[in-house]
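Trainee: Could we go through this structure together? I would like to begin with the sheet and then turn to the salt bridges.

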Amino acid sequence: MDEPKRITVRQMRAGQSGEVVQVLGGPGLVNRLNSLGIRPGKRITKVSSVFMRGPVTIQIDRAHVAIGYGMSNRILVEVT
Amino acid sequence: MRILLMGNPNVGKSAFFSRITGTKVIASNYPGTTVGFTKGHMMLGVEEAEVIDVPGTYTLEPTSKAEKVASQMLPDGDLIINILDATNLERNLYLTMELLERETPVIVALNMWDDTKHRGIDIDTAKLEEHLGVPVVPTVAVTGEGIKELANRIPEAASPRMPERTRDERWATVGSIINEVQTITHHHHTWLDHLQDTSIKPLTGLPIAALVLAASFFVIRFIGENLIGYVMEPLFEKLWVPLMMRLSDLLGSGGFWHDVLIGKLFDGEIDSFQSMGVLTTGLFIPLGAVLPYILAFYLILGLLEDVGYLPRLAVLLDNLMHRLGLHGYAIIPTMLGLGCAVPAILATRILESRRERLIAATLISIAIPCAAAQAMIFGLVGERGAQYVVMVYGTLFVVWLLLGFILNRTVRGFSPELLIEIPPYRLPSWRALLTKLWMRVYGFLKEALPIIILAIFAVSILYTLGVFDAIADFTAPVVSGVFGLPKEAVVAIVVGFLRKDVAIGLLAPLSLTAGQLVIGCVVLTMFFPCVAAFVVLARELGFKGLLTAIGVMLVATLAVGGLLNLVL
C-alpha cells in the first residue's frame, strides 16, 4: 500500500477519495464547511472540477457539494 | 398554535408543506428583513394551526442572511416539524441536535423514505426515536405517505432540552447515533446517478446546460404564443372587443370617459394593443399579452428548480460569474429576474456579501428584462422579424456582461466563493409545483393588475391635460438627439416607471422603424426599474446603494441607447 499523503481537495484526481484532516481558514469558513458536514475525520470523494479555476464538486456521504476554487485549496485531505 | 417546518435545504420541505396544508396557501409579503416564506393552515383535531415553511438552513448559527431568518423565526413557533432527508441522515441530524437543545417541542419527519431502500440505507426508526427522545415518522412528501401518521403524532412532540454543546460534541453525538441506527449496504449507480455526474462535469455539462436553456426558451415561447394565439386573443377579439364597441357607441365614440375607459379608436375600431383605455388595453396587456408568458415562464422555472437543475447551472457558470464579481449561485436570482425583478432582488439575499448583493441587484434591474416586458417585446418586436428580437436580447446580454466586468473592477469589498450543496435529481411533486405556479401567477395578478390599470388611467389623464406635450418638448434633445426616437416616446419612458409592459405597449402607436423599436425596448428595459422593483431595490440596498444603482443605470442607458442609435 502507498504511504498516506496530504494534499488539497484541488489536487485530488476525479474519483479519488480521502479523509479530511484540516481546514485552513478562519472560523467563518470552518463553520460554513462544518454545517455541510465537511470536517476533520470525514471521508470525501472528488467528483469533478471545472477548468480555469472553477469550482470542485465532492461527494460526502450521499450528498454532493460544490466548493469554490480558493476554498478547495484550503481543505487538506489525506489520501492513500 | 403556530407550527414551523424546519430542515436543511433540498429535503422536500415545500412538497411536505403543500401536503400538510392542502391548497389554501398564501405567499407572505416579505415583511421587514425576512426572505420570503409561505404560510398555510392545517387542522389539528378541532383546532386550526398555522404552518410556516421556514427557509432551509443547515445550522442555527447562521452563515447567510437567509439562514439568519430561519433562526430568528424559531422563537415564534409553538412546535417544530423537523424534516430530514433520510438518505443523508448524518448531516441532517446536526440541525436536529441544535433544535433539541432549544425549548420548542420537536417532531421529526424522515422524508425521502422511499429513496433509502434503493440506496441501500436501512434506518431503525424506533431506535432513533429512543436516542432523540422525540417522535420520528418516516414520510414520502411527494406521494403523501406517512404525512397522516405524522399529523396524528404531533401531540407527542417533545422538547428533551438537551444541554447546549459545542460543535464537536454535537457531531460526536450524531456519529454515535448513526452507528447504532443506520446500516448501509452497497448500491449500484442508477441511470439518474450517471446523469447527475454527466451534467456537472464541464465537458458534458456545458453542452447539456446550453441544451436545457435553449429548450426552456423554446417551450416558454411555444406555450406563451399558443395560449395567446388560440385562447386569449380569440377571447378578447370575439367576446370582449364587440362588447366594448357597444360601450363605445353608448359613450358617443368620444369624450373624457370614452378616452379613459375605451381609449382611442383606430379607423373606428378598438385596437387592444394601442387604444390605451382602462377596459381595453388595460385588460389586454396583463391578461391577453403578459399572463400567458408569466404562466409558461414560471412553469418551466418551477420545473428546473424542483428537478434540482439550477445548482448545477450555478457550478458550471461559476467561472463566468466570478468575472462579474459574483459567484455561480447568483445565477438563481438572475433567472428569477427573467420572471420579475421583485422576487429576484429579494433573492439576492442568498448571496453573502454586500458587494455581491449590490452588483447582482444592479445587474438584474438594468439588464434583465422581466417576463412582462419580454412578452411585450415578443409581441411588438417579434412582428418585425426574429432578428430584431435577437438584437434586443443580444444587446441586453452584452450590457449585462460589460456592466458586470466594470462593477467587479470598481465596487469595493469582497466577493466570497461558491459553496453549495447540489441536490440529486428528483422527480418533482406535481402538487408542490402547481401550488408554487399558482402562487406566482396569483402574485403577478395581485401586484401587477392594479398598477397596469393605474398606469393606463394616468396616461389618458395626462394626455388630456397636455402634460406629456410639455415633457416631450423638454426632453426632446435626449430622446430624439441621443436615442433617435420621436419625442413622443418620452411618454413610454415616463410610464416605464410604473410598468414596463404598458410602456413598451406605448411604443406601438408611434409607427417606429424596426431599429427604433429595438432601441426603444432596450432603453425601456434598462432605464429605470418599475415602481415595485424600485421599492425593493431601495429597501435592499439602502439609500447609498440605490443612488449607485441609479447612477449606473442612467449612464449605461444613455451610452447604450446612443450607441445603438449610431449603429442601427
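Mentor: Seven strands form an open sheet with antiparallel pairing, in the order E1(A)-E6(A)-E2(A)-E3(A)-E4(A)-E5(A)-E12(B). Strands are DSSP runs of E with at least two residues, helices are runs of H or I with at least four, and both are numbered from the N terminus; two strands pair if DSSP finds at least two bridges between them. This is a predicted model, in which local features need pLDDT of at least 70 and side-chain atom pairs count only at pLDDT 80 or more, whereas totals for chains, interfaces and linings use all residues. Residues are numbered from 1 along each chain as its sequence is written, chains are lettered from A and ligands numbered from 1 in the order in which they are written, and side-chain values use heavy atoms, leaving out hydrogens and water.

Trainee: How many bridges join E4 and E5 of chain A?

Mentor: Five bridges join E4 (residues 56-60) to the antiparallel E5 (residues 63-67). Within this pairing, Ile58(A) has Val65(A) as its bridge partner.

Trainee: Now the salt bridges. How many are there over all chains?

Mentor: The structure holds 25, a salt bridge being a side-chain nitrogen of Lys or Arg within 4 Å of a carboxyl oxygen of Asp or Glu. One of them joins Asp306(B) and Lys436(B) at 2.7 Å, N to O. This pair links distant parts of the chain, 130 residues apart: Asp306(B) is in helix H11 (residues 281-307) of chain B and Lys436(B) in helix H19 (residues 430-465) of chain B.

Trainee: What about Arg119(B) and Asp193(B)?

Mentor: Their side chains meet in a salt bridge of 3.7 Å, N to O. Arg119(B) lies in the loop between helix H4 (113-118) and strand E7 (121-123) of chain B, and Asp193(B) in helix H8 (residues 191-198) of chain B, 74 residues apart. Arg119(B) is buried at 14%, and Asp193(B) is buried at 9%.

Trainee: Which residues are linked in a network of salt bridges?

Mentor: The network links Glu61(B), Glu98(B), Glu101(B), Arg165(B), Arg167(B) and Arg170(B).

How values were computed:
Buried means under 20% relative accessible area, exposed over 50%, partly exposed in between (1.4 Å probe, protein chains only).
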